[in-house]
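Hello,

Here is the model for your files. My notes are below it.

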Amino acid sequence: MKRYLITAALVLGANSVWAQQSATQAADDHSAHHPTTTAAPAPATDLAEGEVRKVDKAAGKITLRHGQIKSLDMPPMTMVFVVADAAMLDQVKPGDKVRFRAADQGGKLTVTQIEAAN
């Protein structure tokens, strides 16, 4: 009886390892047939809404009173952001309603996209 249990355990263990290796190999084989693609841009629904409070072109910063920023798990508040591209600041002025995307880039909260709200 002991011999039977030991043999059964060895067979089941070997089958488990074989199944795991087969699944990994199948995934590797499948991905080898498809070129690597870059991530698609985030949909517009990922944009946060806000109001421009201040534009500081010299410092490359913008102050926004914003709603929740889901991508940063941030509640509504007013705060200063740096901008990824200073040219974005030419598109906005205080009082403008905007939709924007922000990211944590090296510890700095950065506006990476901004557009007029509809």
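The notes go from the whole chain to two residues.

This is a predicted model, in which local features need pLDDT of at least 70 and side-chain atom pairs count only at pLDDT 80 or more, while totals for chains, interfaces and linings use all residues. Residues are numbered from 1 along each chain as its sequence is written, and side-chain values use heavy atoms, with hydrogens and water left out.

The protein has one helix and five strands, in the order α-β-β-β-β-β along the sequence. Helices (H or I, at least four residues) and strands (E, at least two) are DSSP runs, numbered from the N terminus. Of the 118 residues, 23% are buried; buried means under 20% relative accessible area, exposed over 50%, and partly exposed in between (1.4 Å probe, protein chains only).

T110 lies in strand β5 (residues 108–116). Its relative accessibility is 3%, so T110 counts as buried. The T110 side chain comes to 3.0 Å from the backbone oxygen of K108. Apart from neighbours within four places in sequence, T110 contacts F81, V82, V83, A84, R101, A102, A103 and Q105, where contact means heavy atoms within 4.5 Å.

A103, one of those partners, sits in strand β4 (residues 97–105). A103 counts as partly exposed because its relative accessibility is 24%. With neighbours within four places in sequence again left aside, A103 is in contact with L72, K108, L109, T110 and T112.

Regards

Note on methods. Polar contact = N/O pair within 3.5 Å; in protein donor to acceptor, adjacent residues only side chain to side chain.
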